[in-house]
Amino acid sequence: MDTGKKTGFIGLGNMAAAMIGGMLEKGLAKPNEIIGSSKTGVTRDKIKERFNITVVPDNCQTAREADLLFLAVKPQILPEVIAEIRDVVREDTLIVSIAAGKTLSWLKEAFGRPELKILRCMPNTPALVLEGCTGVCAGDEVPPEAVERVVRLMESFGRADVIPERLIDAVVGISGSSPAYVFLFIEALADAGVAAGMPRKQAYEFAAQAVLGSAKLVLETGLHPGELKDMVCSPGGTTIEAVKVLEEKGFRGAVMDAAATCIEKSGRM
């Protein structure tokens, strides 16, 4: 039965698609309870075919109908979108931005409506396969039950946790952008396999599965990553020789520097 409540998405790109897919798969919403808007007809058609939700070209229609509204557009487009919808958003609508670099204070000023309840979320692309990681932060005016509702939705496509806003740039660096670092690592591992004679498709599968399994060990055993690393490094064995080379090449320092650069950039956006 239609509850009369709708979740809206302005912007229907990869992140919005991941969120919609998770919500539907976990039964947190039905297709007739979701509305999304995009200026691009091809995008609307693709989302309609995939999820059978209501799709419209008009952002204002989405903003008017939604009681929970996700702003799923790029940071550079967000000012234009807010200017378009700020006068039509209902007073009781909960607004969630997933744009990097746009603070809660910036969002409140852009809307110019102090009665609105606004949150920020920072998901990542593994949400596309329901293995996302999302940081959620909210202003003091957002009631706990509203925060819990958003966290529950984010958990429909992975892990989610509430963080103070001062840490959201760190979330960008260590989970929001880090899939790109991991993909580089997988590609490099696979290249080594290809150099050793392994077919490329098989090399990608072996490398990716090794990363997946290693991550699950960290999350499911609760052991320190260093302890898990030591479990693989037999005395006088092959693994410790590889680790020695990585340390000589500054592997950990390079990763830390890359993430720090990402965090700094996020803070300047």
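**Nonpolar cores and the strands that line them**

In this predicted model, the largest nonpolar core comprises 33 residues, and those that touch the most other members are F9, F70, V96, L119, V150 and M154. Two or more residues are given to this core by each of α1 (14-25), α2 (41-51), β4 (68-71), β5 (94-97), β6 (117-122) and α6 (144-154). Among these elements, α1 makes the greatest contribution, with seven residues. Apart from this core lies another, made up of 20 residues, including L71, L78, A99 and L107. In soluble globular proteins, nonpolar side chains tend to be buried together.

The surroundings of L119 illustrate how one of the most connected core members is placed. When residues up to four places away in sequence are not counted, L119 touches L94, I95, V96 and S97, and its contacts also include L104, V136, C137 and A138.

The pairing of β4 involves strands β1 and β5. Strand β1, which covers residues 7-10, runs parallel to β4 and is joined to β4 by four bridges, and within this pair T7 stands opposite L68. Four bridges likewise join β4 to β5, and these two strands also run parallel; here F70 has V96 of β5 as its bridge partner. Between β4 and β5 the chain passes through helix α4, residues 78-85, in a β-α-β crossover that is right-handed.

With regard to the protein chain as a whole, twelve helices and eight strands are present, and the C-alpha trace spans about 65 × 40 × 30 Å along its principal axes. The chain has 269 residues, of which 39% are buried. Of the contacts between residues at least 6 apart in sequence, 64% join residues at least 24 apart. The accessible surface of the chain comes to about 14800 Å², and carbon and sulfur atoms account for 58% of that area.

Methods: Residues numbered from 1 in each chain as written. Predicted model: local features only at pLDDT ≥ 70, side-chain atom pairs only at ≥ 80, totals over all residues. Heavy atoms only, no water. Core = buried A, V, L, I, M, F, W, Y, C linked by side-chain atoms within 4.5 Å. Buried < 20%, exposed > 50% of the residue type's maximum accessible area, 1.4 Å probe, protein only. Contact = heavy atoms within 4.5 Å. Pairing = 2+ DSSP bridges. Right-handed = clockwise from strand over helix to strand, strands pointing away. Areas by Shrake-Rupley, 256 points an atom, 1.4 Å probe, with all protein chains shown as cover.
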